[in-house]
Amino acid sequence: MQLNPARVSYAAVDRALIGRGHAAAARPYVALHPRHEATPLLPLASLARELDVGAIHLKAEGGRMGLGSFKPLGGVHAVARLIQAHAARRLGLPVLPTELRSSAVRSIADGLTFVCASAGNHGLAVAAAAQLFGATAVVFISETVPESFVERLGRQGARVVRMGADYEASMAEAAAAADHNGWILVADSSWPGYTDIPLDIMRGYTLLLDEAADALDRMAGPASHVFVQVGVGGLAAAAAGYLRDRWGDGFTFIAVEPAGAPCLVESARVGHPVRVVGAPTTLGRLDCKEPSLVAFELLARLADGFMIISDAQAAAAARRLTETGAPLSACGAAGAAGLIALAGDASLRRAIGLDAGARVLLIGSEAPAAPTLEPPGE
Ligand SMILES: Cc1ncc(COP(=O)(O)O)c(C=O)c1O
């Protein structure tokens, strides 16, 4: 693990990007999805005993909107806001979130095409959102994305284009297609000049932190340690920003990356976003070789540490959690793998104050297999 020497207190500059207010603002948009409801926060008592910490709670996102991961919180929020802006321009009137599924707005959404690149879950989110509002989705996936996602994307009404050797290559194809066809690029990563849409995606994710913190406040009080897995860093940055706004600076936040794509660890080491060359990894949804700019900037200020786990550690954590009644994929259990690895190392435990009184929050970001639910109805 690498402690973050650049860590500073949560400040107005962070709150402007991600904070509690964004969860409240995003809720009416995300609530338009007919399957929107809070996911469970599971106490993992036997794992807490085994790791000699006070408590572990896992926010289990596998059932989110019947789509298998937390990602629709971001996709639905961002797509809804884009449709709202288009409709308001076309109608010459402000459009409320509650009007987004009206026939007047639907007839405008009908002419819009949203395009994204995805390792699977973000594509499902954008496809579900487009379907919800009557728009079209085109999803670019790289050669590495499992075929099962193609079938699931089809069920959400998306057109799927398989192109590019890795996530970054499929992103370049999606961006080129957006430019060429006048489609709207909905990327979950950000770069100079492209930050508004990815920020809306991250602000949608804050709803899961809002739910988790509400449930913890009712049950056990704020966490002392939070471990979150990283692809481009959007989820971790949303978590760090929201939870620092809510709980302050007193808890320890660790971002966890796969050994095959340690883009955040490397970027934090050199102090700016860099692209890494990583070995092949089975953790496909975390296999992002370059961090999101906005996510990097937030995490560089707000995370206490960055760590790397192996594919085998993530798979073992998934098995362990599945046995204890929290079924997860290896990607979904990667944050837990970070906790398990760190808890077994006495000097690292001391370095981050992980002791028998620690109360840990984890995000189980993905169910183990594709859910069999049908796409949302009216
Ligand atoms: C299951 C799962 N977990 C974690 C992540 C990481 O999120 P981010 O790319 O925002 O870091 C993703 C990203 O797609 C994911 O699909």
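**View 1. Helices α6 and α10 at the ligand.** At least two residues of the shell around the ligand come from each of α6 (121-133) and α10 (234-247). Helices here are DSSP runs of H or I with at least four residues, strands are runs of E with at least two, and both are numbered from the N terminus. This is a predicted model, in which local features need pLDDT of at least 70 and side-chain atom pairs count only at pLDDT 80 or more, while totals for chains, interfaces and linings use all residues. Residue numbers start from 1 along each chain as its sequence is written. The largest share of the shell, three residues, is supplied by α10. Among the 21 residues around the ligand, those that come nearest are Gly231, Gly234, Arg285, Ser365 and Glu366; a residue is near a molecule or strand if its C-beta atom, placed from the backbone, lies within 6 Å of it. By class, the shell holds eight nonpolar, nine polar and four charged residues. In this division Ala, Val, Leu, Ile, Met, Phe, Trp, Tyr, Cys and Pro count as nonpolar, Asp, Glu, Lys and Arg as charged, and the others, Gly among them, as polar. Domain 1 (2-69 + 199-364) and domain 2 (72-187) each contribute at least three residues to the shell.

View 2. The chain is divided into domain 1 (2-69 + 199-364) and domain 2 (72-187), with bounds that come from an automatic or database domain assignment. Taken over C-alpha atoms, the centres of the two domains are separated by 25 Å. Domain 1 gives 25 residues to the contact and domain 2 gives 24 residues, where two residues are in contact if their C-beta atoms, placed from the backbone, lie within 7 Å. On the side of domain 1 that touches domain 2, α2 (20-30) and α9 are the elements that give two or more residues. The most comes from α9, with eight residues. This side of domain 1 comprises 13 nonpolar, five polar and seven charged residues.

**View 3. Helix α9.** Helix α9 (residues 196-219) has 24 residues and reaches 35 Å from its first C-alpha to its last, close to the 34 Å expected at 1.5 Å a residue; the expected span is 1.5 Å times one less than the number of residues. Because 17 of its 24 residues are buried, α9 is largely enclosed by the rest of the structure. A residue is buried if 20 or more other C-beta atoms lie within 10 Å of its own, exposed if 12 or fewer, and partly exposed in between, with C-beta atoms placed from the backbone. After α9 comes Gly221, whose phi is positive, near 90°.

**View 4. The open sheet of seven strands.** The strands follow the order β1-β10-β9-β8-β11-β3-β2, with mixed pairing; two strands pair if DSSP finds at least two bridges between them. At the edges stand β1 (2-3) and β2 (41-43), each with a single partner strand, so one side of each is left without a neighbour in the sheet. Strands β8 (residues 225-229) and β9 (residues 252-258) run parallel and are joined by five bridges. His225 has Thr252 of β9 as its bridge partner.

**View 5. Strands β4 and β5.** Strand β4 (residues 113-118) is largely enclosed by the rest of the structure, because five of its six residues are buried. Six bridges link β4 to the parallel strand β5 (residues 136-141). The bridge partner of Cys116 in β5 is Val139.
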